[in-house]
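Work through the exercises below with the model open in a viewer. Each task is followed by a stepwise solution.

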Amino acid sequence: DLATIYRSLSKFVDVGLLNKIDFGDEFARYELATNEHYHHFICNECGKVIKIHQCNFDKLSKTIEKESGHQVLSHEIIFRGLCNECVAVASVAHTH
């Protein structure tokens with residue numbers, strides 16, 4: 001039953017086994033909780049979600065802390081655009 005599945009997912013989030021991801025749409029997404037740090041790229045065309053492992057925001061976090069007095073504990077970045085497959089399809093469509 002669907003309610004049982006959602007209760008189970010919620011429990012897994014509560015105990016730290018899963019992370020609930022909110023991309024600002026109507027869907028709840030869950031990922032295995034790890035110590036790995038990454039961001040997300042969402043394709044506007046096909047909806048594919050891709051993990052982006054590069055992160056260069058440590059310097060920005062330190063600047064924010066220094067200039068504002070805030071303490072940055074974490075950050076979440078979501079990139080949106082066209083994945084490489086949709087870019088390829090779009091470029092083929094434009095050449096025909």
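**Exercise 1. The largest pocket**

Which strands and which helix each supply at least two residues of the lining of the largest pocket?

Solution. 
- Start with the ground rules. The model is predicted: local features need pLDDT of at least 70, side-chain atom pairs count only at pLDDT 80 or more, and totals for chains, interfaces and linings use all residues. Residues are numbered from 1 along each chain as its sequence is written, and side-chain values use heavy atoms, with hydrogens and water left out.
- Helices (H or I, at least four residues) and strands (E, at least two) are DSSP runs, numbered from the N terminus.
- On a 1 Å grid over the protein atoms alone, a pocket is an open set of points where a 1.4 Å probe fits, with protein on both sides within 12 Å along at least five of seven lines; lining residues have an atom within 4 Å of a point.
- Read off the elements. Strand 1 (18-21), strand 2 (29-32), strand 3 (39-43) and helix 2 each supply at least two lining residues. Helix 2 gives the largest share, 4 residues.
- The lining has 24 residues, and His37, Tyr38, Ser74, His75 and Glu76 lie nearest the centre.
- The lining divides into 8 nonpolar, 8 polar and 8 charged residues. Ala, Val, Leu, Ile, Met, Phe, Trp, Tyr, Cys and Pro count as nonpolar, Asp, Glu, Lys and Arg as charged, and the others, Gly among them, as polar.
- The pocket holds about 560 Å³, taken as the space filled by probe spheres set on the points, with grid points joined across faces, edges and corners.

**Exercise 2. Helix 1, end to end**

Solution. 
- Expected span: 1.5 Å times one less than the number of residues. The 13 residues of helix 1 (residues 2-14) should therefore span 18 Å, and the end C-alpha atoms are 18 Å apart, which agrees.
- Start: a side-chain oxygen of Asp1 comes within 2.9 Å of the backbone nitrogen of Ala3.
- After the helix: Gly16 follows, with a positive phi near 90°.
- Inside: Leu9 lies in helix 1. Why is Leu9 classed as buried? Its relative accessibility is 19%, and buried means under 20% relative accessible area, exposed over 50%, partly exposed in between (1.4 Å probe, protein chains only).
- Partners: Leu9 touches Leu18 and Tyr30, leaving out residues up to four places away in sequence. Contact means heavy atoms within 4.5 Å.

**Exercise 3. His39**

Is His39 buried or exposed?

Solution. 
- Place: His39 is in strand 3.
- Class: His39 is buried, because its relative accessible area is 1%.
- Contacts: beyond four places in sequence, His39 meets several residues, including Ile50, Phe57, His75, Glu76 and Phe79.

How values were computed:
A polar contact is a pair of N or O atoms within 3.5 Å; within protein, one must be able to donate a hydrogen and the other to accept it, and residues adjacent in sequence count only if both atoms are side-chain atoms.
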